[in-house]
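This report goes through selected strand pairings and salt bridges in a single structure. Please keep the sequence and the model in view while reading.

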Amino acid sequence: MNYLSVENVAKSYGERKLFSGISFGINQGQKVGFVAKNGTGKTSLLNILAGTDSPDEGQVVYRKDIVTAFLPQEPDLDPNLTVEETIFASDNEILKVIERYEKALLNPDDAENYQKAFEQMEAFEAWDFETRYKQILFKLKLEDLDRKVGKLSGGQKKRLALATMILNNPDFIIMDEPTNHLDLDMIEWLEEFFRKENFTIFMVTHDRYFLERVCNEIVELEEGVLYTYKGNYSYYLEKRDARIALEQTNTSKAKQLYKKELDWMRRQPKARTTKSKSRIEDFQEIKARAGKRRQDHQVQLEINMERMGNKVVELHKVTKSFGDKVLLKQFDYNFQPGERIGIIGKNGTGKSTFLNLLTGAIKPDAGKIVIGDTIKFGYYTQGGIEVKEGQKVIDVIREFGDYIPLKKGRQISAQQLLERFLFDRKKQYDYVEKLSGGERKRLYLCTVLIQNPNFLILDEPTNDLDIVTLNVLEEFLLDFPGCLVVVSHDRYFMDKIVDHLFVFRGNAEIEDFPGNYSDYREYEGTALPDAEASTQEVQASKVERKKPVATLSYNEKKEYNRLEKEIDQLEKKKVELQQQFLQEMTGEQINEASKRLQEVEDEIERKTERWFELGSKQES
C-alpha cells in the first residue's frame, strides 16, 4: 500500500539549488533512512514532506486517511503547558475516544451512544492509555509531569515531542535526527521500539547503528541524483561501493571513446552528412560522460601537532560537588601519551563537569590537577561556533592566520584549508548564519583542529555531522597521535575510536573499563540484538589481535589493550623512519636516523614480548 508519492520536487534558496527533479515513493512498512551530505537539503526535504515548507516545483501526494507525524530537530511546543498537558493537548485520536466515552458515562440513558463509545475504547485499546504514556515518559526521563515546558532543556523538549509523536500512534513518521539529546539507554530503547513496532518511517540520522538495526531501506541523495538501496546500512555500504566502482569504470571507458571521437571531429570537413550530424550529437553526450567526476572530496586532516612530553595530565584525589550532589570524590588518574578514552553515563552524572575540570574551566573543591608543560587542549563543545553577524566563512579561519602549518614544515592558505573541509571557494564567501547546522559544526571542528592541539576533547562531536564527514573524522582520529577524550552517544563512533571507557555511574562512581562500547555492553550482559552484525566499516577498523578474556586481571587487561595500541603506533613510527632513508641526508643525519630506528625496533620487540606473555597467560 502506497503511503506517499514525491513527484519531481525541487527546492532552491536564491541562487543556491538544493535539489530538483526528486521523485520516490514510500509504501506501508518501509523504514527508510535518508543519507546526504550537510548542506544538500536533507532538512528541507523533510520539511516539504511534513508540509511545513513547500517545494518550488513538483508535488507531494499522501494517501487519504493516513495519520502522519513529524519530529523536527527543534520542536515547537507551548511553553505554558506542563509535560502532561502537552500530551493531552496533542491531536491524539485516543484522547478523543476517551473524551467521547466520558461524555457517554454522563448520559447513561443513551445506551446506543454508550455502546459505540465502549466499542471504540476497546478498538483503540484506550483503557491503558494513562499507564502507557507514563511508561514512555519515564523511559524518556520525563518523570516530572507538572513541569512547565518553558523550563525544560532543549533535550527534554525533544524527548517530550518524541513521546507525543509515539503516543499519537501515527501510520507514517518523519524524523530529523531522533537520537540527538538522548542518552545511550534511551537510544537503545527507542531503537528496539522502532525495530519491533509496525510504523512506516522516513528519517535522517547520523547514528549508523540506528540505521543498521531499524531501517530496511536507505535512500541517498548525491549530486542531485537519488539512489535507493533495498537493505540496511551494511547493505547500503556494500552496494554504494559497487556503484561507485562501476561509475568509475564507465567514466574511464567514456574517456577512451571521447579521445577517439575527438580525433574524428578534428578530421571531418565542414560539410556534414545527416549521419555525421548524428555522430556529432552523440559526441556531445560522450564528452559529458567523460568529463564527469565525483564530487566527494574527503576532508584531509593532517594538521601539525605539538610534540607531547611524558607528563600529560594528572588528577590527584580530585573532588567536585554542586550543593549536595557529589560528582567526583577522591578521583585519581594519570593520562598516558596517546590514550583514547570514551566517556559514557546518564545525564547529570558528571561527564561535562569532568571535561570542564580537565580544561580548567572550573576548579576542583579538593585535590589538584597537574597539566604537562607541552599540553595544548583542543575543546570541541556542544555549543558550537559563535555566529557573528555579517561574518563570512573565510573570515572565521583567517582569525587564526592567513596560513596554517601542516606536518613536515609545509603550510597551506586559509582558503586551501577550507577546501579540505569541503567548503569550495564560492561557499567560503557565504555568511556563516546561512550555513546549515551540519556545515556550522564542520566549520567549528576546523577551528578547533587548526590550533594544533595534542590533547583533543570532543563533546558530542557527531551531532549534526553528515556520515561522509563522520567517516573522514574517524579516519583522522584513528591516526591522531595525541590524547583523545570523547563524550558521545554515537555507539558506532565510540566503537571505532576509543580503547577504553570511563563509565560515570552517578554518586561519584567512575569505572575504568578496558574496551569499547560494544565490549562494555557484552560485559554488562546486555548485548543488543544483532550487535555482532555491525557494519563492514567498523569490522574493518578492528584490530585483528585476540582480545583478552577473563583469566587476566583487570590491570593486565588494561595493559594488554594499551600494548596493542602502542605497538601499532611504533610500527607506524618505524615506517616513517624507514621512509627518511629514501631522502637525501648527510652522514650525521643517517647516523641519527639509524639510531632512532634501532630504538623503535627495540621498543617494538620489548612490548611485543610482553604482549605475547599476557596472551599466553590468558590461554593457559
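Strand 1 (residues 2-13) is joined to strand 4 by five bridges, and the two strands run antiparallel. Val 6 has Val 60 in strand 4 as its bridge partner. The model showing this pairing is a predicted one.

The pair belongs to an open sheet of three strands in the order 2-1-4, with antiparallel pairing. Strand 2 (16-27) and strand 4 (57-62) are the edge strands; each has a single partner strand, so one side of each has no neighbour in the sheet. On average, neighbouring strands of this sheet are turned by 15° against each other, direction ignored. Helix 1 (residues 42-50) lies across strand 1, strand 2 and strand 4, and runs at about 50° to strand 2.

## The hairpin of strands 8 and 9

Strand 8 (residues 217-222) and strand 9 (residues 225-229) run antiparallel and are joined by five bridges. Ile 218 has Tyr 229 in strand 9 as its bridge partner. Two residues lie between the strands of this hairpin, and Glu 223 in the turn has a positive phi of about 50°.

The side chains of Glu 220 and Arg 240 meet at 2.7 Å, N to O. Glu 220 lies in strand 8 and Arg 240 in helix 9 (residues 233-267), so this pair ties together parts that are 20 residues apart in sequence. Both Glu 220 and Arg 240 are buried.

## Salt bridges within helices

Side chains of opposite charge can pair when their charged atoms come close. In one such case, the side chains of Glu 192 and Arg 195 form a salt bridge of 3.0 Å, N to O. The two residues are three apart in helix 7 (residues 184-196), so about one helical turn separates them. Arg 195 is partly exposed, with a relative accessible area of 32%.

Another salt bridge links Glu 603 and Lys 607, with the closest N and O atoms 3.4 Å apart. These residues are four apart in helix 21 (residues 587-619), and about one helical turn separates them. Glu 603 counts as partly exposed at 26% relative accessibility, whereas Lys 607 counts as buried at 12%.

## Salt bridges in the whole structure

How many salt bridges does a search of the whole structure find? The search finds 34. A network of salt bridges links Arg 208, Glu 474, Glu 475, Asp 490 and Lys 496.

Note on methods: Residues numbered from 1 in each chain as written. Predicted model: local features only at pLDDT ≥ 70, side-chain atom pairs only at ≥ 80, totals over all residues. Heavy atoms only, no water. Pairing = 2+ DSSP bridges. Salt bridge = Lys/Arg side-chain N within 4 Å of Asp/Glu carboxyl O. Buried < 20%, exposed > 50% of the residue type's maximum accessible area, 1.4 Å probe, protein only. Axes fitted to C-alpha atoms, helices over the stretch in contact; angles between N-to-C directions. Contact = heavy atoms within 4.5 Å.
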